Every structure is written in C-alpha cells, then in structure tokens.
Amino acid sequence: MNLSAANELLFSPFKVGSLIVWFYICMYLVQRFEFSPLIDNRYKAWINLLMLVAAPFVLFLALAFEVFKKIQNTGSPLIEAVVSSLGNAVKSIKYTKITGSRGGSSIILLDPSGRNINEIYGGQSNNDDTKQTVASAERLIGDAVDLLASDILINPTDGFNYDVRFRVDGNLRPYKKLNPDIYGAVVNSIKAISGMDIAEKRRPQDGAFVAKVPDGTVSFRVASAGVLHGEKLSIRVLNQKLAPQTLPEIGMDERACQAVRNVMAKESGMIVICGPTGSGKSTTLYAMLREIDFYQRNVITIEDPVEYVLAGAGQIEVNPKADITFAKALRSILRQDPDVICVGEIRDDETASIALKAAQTGHLVLATLHSSSNNASLVRLLDLGISPLLMASGLDLLISQRLIRRLCNNCKRQARLSEAQIKAFEKKRIDVTKIYEPAGCGKCNDTGYKGRIGVYDIMPIDNVAKNRISTGNIAVISNESDDEQMKTNLHRQAMKHVITGITSIDEAKRVTSG
C-alpha cells in the first residue's frame, strides 16, 4: 500500500505535466540560441547545456525584463504588461519548429520548376560550407516572410560591409550586416535558385523562385545589378495569402465602393488607378478583379510581372526579351473575346490609345498609371499624345490613392493631444479617447505600426467633365485648386481612420500633406 502511494506521488499528473512543460521550454530555448546569429559558435555548446538545465529560469528572467521594459516605455498597468508579454512569448514559441532550424524543415527554397538547391547543385550541397550557406539564405528569406516584408534589399556599402534591409509597411528597416564571404555565398545561392547566371556580376539580370513555408507557398522576384562595390540584389516578396480580397478590406468606404461597382457593372468603360510608386495600385486592381464573376465574364490581364494568381482569369506576363510588350499583348487579346481587360500599367502612347479604344468598343478596362493625382493623370494622358475626344469617350472613373500605416493593436495607446487639438475634436463632437498614437512592442518591432490601409480620392468622369475634356479644356479640371482638393479628400479619408483608432494623426499628416 505504501509502495502504491509512493508511485502515485512520483507519477502524479501535476509532476508529469510540469516535466513536459520543462522539457519543451528547454528545447525551445536551445533552438533559439543554437540558430541565433548573435552568438558565437564557440559558446553555443555551453549555452545549450545551460539551457537544458536552467531554461525556465532564463525564460522567467527574460519575461520579467520584457514586462519591466513595456511598463517603462508605455506606462501600461502591470497585469496588462504581463499578459501582453506572455502572449508574445506564446506566439514566438508557436512559430518555432522544435525539430530543426529555419533552414531545415520550416522553409524550402525551390526554383520555378520545383527543384531544390541540392538538385540545382547536382548533389554537391552536402558539405558543411554549402549547408551553412543554404541555411543562411533560407533564414534570411524566412525572416522576411515572418516580418511581412514586401522587399528584401542586399546591398554592398563598401568592400567590407554588406547591408541587408527589409521594406516593411513601406519603410526600410535594417536587418543585419553580412561579411564578404557569407554575402557572396548567399547571393550566389539566391541567384542559382532564381535561374540566374552566378558568374555574371555586372550585367543586370532578372529571375524568380518560390519558397515552401508552413502555411503555403510564397513567390519571389529577383533583380540583380552590378554596383560600385559588388553586386546588389532586390527581391520582391509576393505572398498570396496576405493579399486583400475585397474593396472594403483595402480601405475603401461605402461611397467609393459604390462608385467603383457602378462602373464595373457596365459592359464598357475604363477605370484608371493612379498614384506614385508603392501606393498600392496593383493591390487595388486585384481587389477590383475579385469583384468580378469569372464564370460570367471573360477576364484577361496583362501584367509585369504577374504578382498574384487569379483562378479563372487569363493572365499574360510581359516579356520584352520575347517581344511581348503591353501594347502587343493588348492587341492580341482583343481577338480573344474578352469582357474585362486589365492592363498592369500604361507606359506608352500605344498602350494608352489601344486601352481607351477598347473601352469604347464594348470592353471594361482596368488600368494603372504612374501620376500624383487624378488631374495629373489627365495631363499625363495628353502628354502621351492621346486626343481629348478619345479620353472623354473612354474614361469613366479616376482613382488616386495613398497608403497609410495601421497602428499596432497590441501596443497603441491613447494619444497625448494639445489643448487646441482637444478643443478642435470636441467642437466636431469627436471622442478624443478613441484617438491613439504608436508606442512600440515586440509584435511590431518597436515601430508602433503593423500593416497598411488605403486612402482614396474618387473622381467620376461625368458628362460635365467629359464635355470639358473633349474640348481640350483640361486646365479647368486640373488647376491648382483641384490638386488642393485632392489633398483635402485624401486627408479627410485619413482622418476618418484616425478617429476610428486605425492610424495616428502624425501618420495621416505624413501621407496626405505631400
């Protein structure tokens, strides 16, 4: 009886559960330190041994430090800081694989044909140096995916320093510096997996590859160029799962959505989306295309490159080397009975002319144009040699847009407003307690922002505007006061996001003041 009682005490559920928790905490911290680039390889064995014995105590100290830091930086209550820090730790553990490094099972780089790096190297990637190089490249790509980066820039700053930066929410962030040996090997691995010539370091090249990650597949576009101190790589990250699906998801209010849907319901017409580089024009274009029933309407797109796959649509990729340009592809698809034509970008007079004529002859055309405002788009089309009459008869809707950053929901805090600001908001009966500002936490990399949302200036081309355009009286439409009106409209849209707690006052001013 005493032996039975002793066994029950030894193998009690609480002790077994505690042992399991202890084991997983130890393995988690062992992995984090084993694959951390901040720790020298000479000390990793001793640190791993320490983690196997005292990992829970180390984790407790790390959490205590995180709580103290959060209270000091944001002024959060103790309970709120503890809960937030525990949530960050749980999320970090959730996305860490116990079975190996990032370069092992959690991400695999493949070329467009599906071959991995071992197959590309002809089975010669089993030596330690090559394995370390591949692991470094996979870790870099995996970190970019985890941080929701849109671009990866690998740039030699001089003969001894090589910077890696990620573009996250439109802003560049430093990632790490690479020494010359690792830099060359990582660049060559990425070029090899992208189908590029690793021996050519001066001539610009383009390539592509894909990465298998735990929750799907991510595509990448690579461009290289020879620069002063070596070779520069720019990698565009195209994550299909992160693409907004509908117009409201990208930030359009009900009025803007209705204006777009009214034109898209027509058999013919043209919608032009304008804005500077990086303002989200392609994302808006895809959101519009997802509003279309591909079974009822024949949709063909011309893109450079095809960023996201649309099931049911015919997508053509521009390839100047194969003499496939926007204008030539547009001419050819007009013979394929399209109902909706999407032009990724209007770059020349021929493309603009064909697109506008297609809008006149029973096709709905969606296109983007690089210009600063709706009014500047009209001037740009005139500058391309488009006749005012063709513009007036083809155009139905112009959309100018910008992107503003969303506040991080984990760390945003009530904004500290001046007396003048409080009085201005209260005069408009706006609750100032729902206006927030960034604070910074682990989830947003201490920026205070995570994700972006669009603000839009919608300009329907009604009969009055068509009459003015057709007579060549563009100056009446595109004068300075109208540009100021565009800024006012964008600012008004941004302020709506401010008073609903989506973004901050400073961010709204930064984006809409220029």
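Figure 1. T351 is buried, at 0% relative accessibility; buried means under 20% relative accessible area, exposed over 50%, and partly exposed in between (1.4 Å probe, protein chains only). This residue lies in helix α12 (residues 349–360). Helices (H or I, at least four residues) and strands (E, at least two) are DSSP runs, numbered from the N terminus. Not counting residues up to four places away in sequence, T351 touches F326, A327, L330, V343, E345 and I346, where contact means heavy atoms within 4.5 Å. The model is predicted, so local features need pLDDT of at least 70 and side-chain atom pairs count only at pLDDT 80 or more, while totals for chains, interfaces and linings use all residues. Residues are numbered from 1 along each chain as its sequence is written, and side-chain values use heavy atoms, with hydrogens and water left out.

**Figure 2. The largest nonpolar core.** A nonpolar core is a set of buried Ala, Val, Leu, Ile, Met, Phe, Trp, Tyr and Cys residues joined through side-chain atoms within 4.5 Å. The largest one has 35 residues, of which M270 and L395 touch the most other members. Helix α12 supplies the largest share of this core, 6 residues. Neighbours within four places in sequence aside, the contacts of L395 are M270, V272, L356, L378, L381, I461 and K466. In soluble globular proteins, nonpolar side chains tend to be buried together.

**Figure 3. Helix α10.** Because 7 of the 9 residues of helix α10 (residues 281–289) are buried, this helix is largely enclosed by the rest of the structure. Its buried residues are K281, T284, L285, Y286, A287, M288 and L289.

Figure 4. The structure holds 14 salt bridges, each a side-chain nitrogen of Lys or Arg within 4 Å of a carboxyl oxygen of Asp or Glu. The side chains of E231 and K191 form one of them (2.7 Å, N to O). E231 belongs to strand β7 (residues 230–238) and K191 to helix α8 (residues 180–193), 40 residues apart. E231 is buried, with a relative accessible area of 4%, and K191 is buried, at 0%. In another salt bridge, the closest N and O atoms of E507 and R405 are 3.1 Å apart. This pair joins helix α19 (residues 505–512) to strand β13 (residues 397–407), across 102 residues. Both E507 and R405 are buried.

Figure 5. K328 and D323 meet through their side chains in a salt bridge (2.5 Å, N to O). K328 is partly exposed, at 44% relative accessibility, and D323 is partly exposed, at 45%. Elsewhere, salt bridges link D304, E345 and R347 in a network.
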